[in-house]
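Here is a short report on packing inside a predicted model.

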Amino acid sequence: MEAEAARPDRRAERAAARRRRDRRGFAIAAASTVLVIGGLTALILTSSGWPAVRETFFNATVFKESFPDVAKAFWLDIRVFLIVEVAVLALGLLVALIRTSRAAAMFPLRLLAILYADIFRGIPTILLVYLIGFGIPALANSDAEGSSTLSWLPTEPVVLGAIALTLSYGAYVSEVYRAGLRSVHPGQRDAALAIGLTERQAMRHVVIPQAVRNVGPPLLNDFISLQKDVALIAIIGVTGEAFQVAQIMASTDFNYTPLLCAAVLYMAVTIPLARMLDRWDRGRVR
Amino acid sequence: MSGTPVIAIEGVTKAFGDRGVLRGIDLEIAEHEAVAVIGASGSGKSTLLRCVDLLIEIDDGDILLDGEVITDPAADPVAVRRRLGFVFQAYNLFPHLNVIDNVTLGITRAHGLGREDAREAARATLARFGLEGREEESPSNLSGGQQQRVAIARAFATRPRAMLLDEVTSALDPELVGEVLRAVRDLKQEGVTMLIATHEMGFAREVADKVGFLHEGRLVEVGPPEQVLEDPRDPETQRFLRRLLEAGRA
Ligand SMILES: Nc1ncnc2c1ncn2[C@@H]1O[C@H](COP(=O)(O)OP(=O)(O)OP(=O)(O)O)[C@@H](O)[C@H]1O
Ligand SMILES: [Mg+2]
């Protein structure tokens, strides 16, 4: 009797205590946010250099003037990004499949795949863009008589930049895929073979789909960095790329605000990707 | 029993490294017969079944399916597996496919049926194991017993010559064992030829025509269930059954 009467009261008490705790937690979070962000803002705004920085980096007039041109150039970044992304997904998967294959006949390919992954992950992407961007045209160059054995090589900077990015990111992504392939339980392959699939069908219909699912978040993570690294193709003379356009504007006007335009555009793509990644990751834990 | 056995295992040996797991196994399974293999954990029951389905290569001896040597290095393992059905201890359903696609994958890709025919066959097989209405669900939404019944349907949908069942109830909560055993009993009534690895003595007694006790890589005793399970001659079988009885499992 007594216990029964006491129960509703205790529940109300607990609910009240929880509400108090929540309110206090919210108040603390709000206060500390205002304090930290406000403090940092105040620190910057009151510094002696701030007026000059505002003028050269955060100039509203320059921003408005330069934004349309930078945005137009950014379209090239997006296209390069999309094409390279598709190529990277295919190349990475191919390399990962070669590396995980066990057939003896694949040995030379396996060796090549290992060399590729090791070498291209070992070279900084910016260096690779340089090497390919300037090295390939040099190979394709004709000699004094005007003939060249390698004249069929591409010399378009944008193509070379895309190739360099693909090779660099393909090496990383092949490792991501490889981890994904390893993460699929061997019982899955057994079950696929047991229902009568060939090795190849087992890979295609059972192992690869699960591997790709398992590595979705890390793949997306690599694409966030790829999206930013597209800017690197500016250094080999790709014209009309967002960073390059912004840089030229900045150096002619001695005002860096156009670079801010480019930064805002990059963020407009990478931040939604990052949010998506977070949601995906959370969904998987459930 | 007359005629060629569906499965004949002749002097099969298999070692992992220098651990001899199977050390000369002889066993025949006639048409419509259910043979149960019992034995302690690690005695090689799964290994034996996996050898028959060519999921692992045997070292020596032969395995015949309908009189044809399937362990011949020149034989095509894929064609052999298409004539057998395997049900795994841990279900091994494909988690990225829904229930019906788990069943149709083999029917379409390995047996070449069209999508609609395959779905019809799969639906009928699932219904027969009490899974109607669950076709579009993800396997992870099902209970262990339901998952194992999907796995049985997946293996049985193409009407294999024989079913290989590897401890199909050992991963299940006790209250779910019954429904899976009912599905196997159902197969037996239909006359499906089966090789069953099991820990369920009562079930082996009821369903099996023949029971073999596997110990240290050999089938030390093979015979009708009444004899092997109730009046074993081999001292190892006696010891094994006594231990099970003490553990309250028989
Ligand atoms: N791929 C493998 N590599 C090495 N050893 C293995 C392999 N598969 C099985 N074994 C070993 O072979 C022995 C028999 O294993 P198996 O799985 O066939 O036993 P089991 O009778 O099915 O046992 P359980 O009742 O626990 O399922 C075990 O000692 C196991 O460790
Ligand atoms: Mg086993």
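The largest nonpolar core holds 44 residues, and B:I7, B:I9, B:I63 and B:L195 have the most contacts inside it. A nonpolar core is a set of buried Ala, Val, Leu, Ile, Met, Phe, Trp, Tyr and Cys residues joined through side-chain atoms within 4.5 Å. Buried means under 20% relative accessible area, with a 1.4 Å probe and protein chains only. Strand 2 (residues 19-29) of chain B gives the most to this core: 5 residues. Strands (E, at least two residues) and helices (H or I, at least four) are DSSP runs, numbered from the N terminus. A second, separate core has 38 residues, including A:L160, A:V176, A:Y177 and A:V207.

This is a predicted model: local features need pLDDT of at least 70, side-chain atom pairs count only at pLDDT 80 or more, and totals for chains, interfaces and linings use all residues. Side-chain values use heavy atoms, without hydrogens and water.

Helix 3 (residues 99-109) of chain B has 8 of its 11 residues buried, so it is largely enclosed by the rest of the structure. Among them are B:V99, B:N102 and B:T104.

Over all chains there are 10 aromatic pairs. Rings of Phe, Tyr and Trp (its six-membered ring) pair if their centres lie within 6.5 Å; planes under 30 degrees apart count as stacked, over 60 as edge-to-face and the rest as tilted.

| Pair | Centre to centre | Plane angle | Class |
|---|---|---|---|
| A:Y116 and A:F120 | 5.0 Å | 40 degrees | tilted |
| B:F129 and B:F156 | 6.4 Å | 80 degrees | edge-to-face |

B:F129 and B:F156 are 27 residues apart. Both B:F129 and B:F156 are buried.

Methods
Residues numbered from 1 in each chain as written. Chains lettered and ligands numbered in written order. Buried < 20%, exposed > 50% of the residue type's maximum accessible area, 1.4 Å probe, protein only.
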